[in-house]
Amino acid sequence: MSATMTKSQLAIYPLRFTVEVQTPLKLTRPYGAQLRGALYEALLRSSCTTQQARSSGISSFHKDCLCPVHALMTPLRDETLTRGVKGGRDQPRPYVIRPPQEVPPVYYPGQHFTFELLLFGQSIDLLPYLIQAIPQLEQAGLGASPGEHQNKRGRFRIRRLESYHPFTGAHAVLYTENRINWNAQLKAVTSTDISQRAAQLPSDRITIHFLSPLRLIADGQLVHEHQLSFAVLVHRLFKRLRDLEEAYSSGAQPAFLPEHHPYLKQAEQIACQHIHTGWYDDFSYSRRRGASSPIGGIIGYATFTGELQPFRELLTWGELCHVGRSCVKGNGHYRLMPPPD
């Protein structure tokens with residue numbers, strides 16, 4: 001990120017759930033969408049103030065519903081905060097879900113897996129409601145039970161919920177064995193952490209590993225693997241961070257402002273030296289709409305070369321915030337890596 005930019009006040013709070021399987025459990029793709037749906041339903045039942053939604057479990061809200069589920073899962077823009085954009089349209093969700101990266105065909109009793117939930121900015125205030133929803137999440141089950149019980153969901157227990165720092169490894173246990181640790185110190189990733197991490201990256205050559213489908217739209221068109229460019233990636237990432245900061249940062253001086261777009265023109269000078277990517281097709285079903293929508297995208301590796309110093313912090317933010325469509329379901333997750341020899 002350009003040295004002339006104001007440091008962002010957006011903070012990121014990574015959370016990790018450790019799950020112990022109780023009965024055979026089969027997760028189905030897309031895993032992130034399935035986990036999001038389970039969490040959504042649990043929050044509805046435990047915290048939604050709209051009786052109709054709470055009793056039926058439907059994934060919809062009255063427009064005047066101001067419950068924590070609404071604030072976390074389906075936030076709307078406040079007309080007073082949109083800087084000239086009329087209110088009413090959705091703002092970015094204040095979280096991303098990261099499902100397990102390696103998922104076996106079936107999880108058997110006694111096996112464990114983890115998934116992550118990253119909360120942005122002021123949405124951390126909703127953490128007590130997430131913890132409160134854990135019994136509902138366990139009661140409803142997840143995925144499916146294979147074999148003769150395939151019409152039932154797999155059973156599990158949340159053995160641990162912890163706040164962790166992805167750069168330092170520090171962590172604090174928030175919940176374990178039905179006990180809540182209200183005194184735990186939350187681990188937040190700040191702009192200072194981002195700057196320190198970014199300073200360790202090469203300034204002339206970097207490889208990006210796209211761990212989950214990257215689904216980008218440029219000029220109204222879907223970007224396929226042979227069309228991927230550094231400029232398209234950076235522009236979409238900048239817009240995502242600007243929207244997240246606008247919605248959830250407490251800072252008085254935003255860092256990601258439209259007037260900084262001229263510096264993004266430098267991204268057009270960054271070349272793609274090596275690309276080894278493919279296209280992964282996937283679809284996510286919405287009960288609210290009663291239809292599936294495509295969420296597939298680019299996966300694999302790409303190495304970029306050029307004057308990367310102005311973009312290192314921006315790319316580091318993106319490691320945590322994800323980029324592209326369906327981020328809340330785990331899409332757009334990438335890792336910055338040293339370039340291969």
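This structure holds two cavities of 30 Å³ or more. Before I go on, please note that the model is a predicted one.

Let me start with the empty space. Rolling a probe the size of a water molecule over the atoms shows where such space is left. The largest cavity has a volume of about 50 Å³.

Which residues line the largest cavity? They are Val19, Leu35, Ala38, Leu39, Phe113, Phe115, Leu137, Leu142 and Phe156. By class, that lining has nine nonpolar residues, with no polar and no charged ones. Helix H1, residues 31–47, and strand S3, residues 112–120, each supply at least two residues of the lining. The largest share comes from H1, with three residues.

Now to the helices. Two packed helices are described by the angle between their axes and the distance between the axes. The pair to look at is H7, residues 230–248, and H9, residues 312–321. Their axes come within 10 Å and cross at roughly 65 degrees. Angles of 65 to 115 degrees count as roughly perpendicular, and H7 and H9 are therefore roughly perpendicular to each other. The crossing of H7 and H9 is left-handed.

What makes the contact between H7 and H9? From H7 come Phe230, Val234, Leu237, Phe238, Arg240, Leu241 and Leu244. From H9 come Leu314, Leu315, Trp317, Gly318 and Cys321. Sorted by class, the contact of H7 with H9 has ten nonpolar residues, one polar and one charged.

Technical notes
Residues are numbered from 1 along each chain as its sequence is written. This is a predicted model: local features need pLDDT of at least 70, side-chain atom pairs count only at pLDDT 80 or more; totals for chains, interfaces and linings use all residues. Side-chain values use heavy atoms; hydrogens and water are left out. Axes are lines fitted to C-alpha atoms, for helices over the stretch in contact, and angles run from 0 to 180 degrees between N-to-C directions. Helices (H or I, at least four residues) and strands (E, at least two) are DSSP runs, numbered from the N terminus. Angles under 35 degrees count as roughly parallel, over 145 as roughly antiparallel, 65 to 115 as roughly perpendicular and the rest as oblique. A crossing is left-handed if the near helix is turned anticlockwise from the far one by less than a right angle, and right-handed if clockwise. Contact means heavy atoms within 4.5 Å. Ala, Val, Leu, Ile, Met, Phe, Trp, Tyr, Cys and Pro count as nonpolar, Asp, Glu, Lys and Arg as charged, and the others, Gly among them, as polar. On a 1 Å grid over the protein atoms alone, a cavity is a set of points where a 1.4 Å probe fits but cannot get out, and a pocket is an open set with protein on both sides within 12 Å along at least five of seven lines; lining residues have an atom within 4 Å of a point. Grid points are joined across faces, edges and corners, and a volume is the space filled by probe spheres set on the points.
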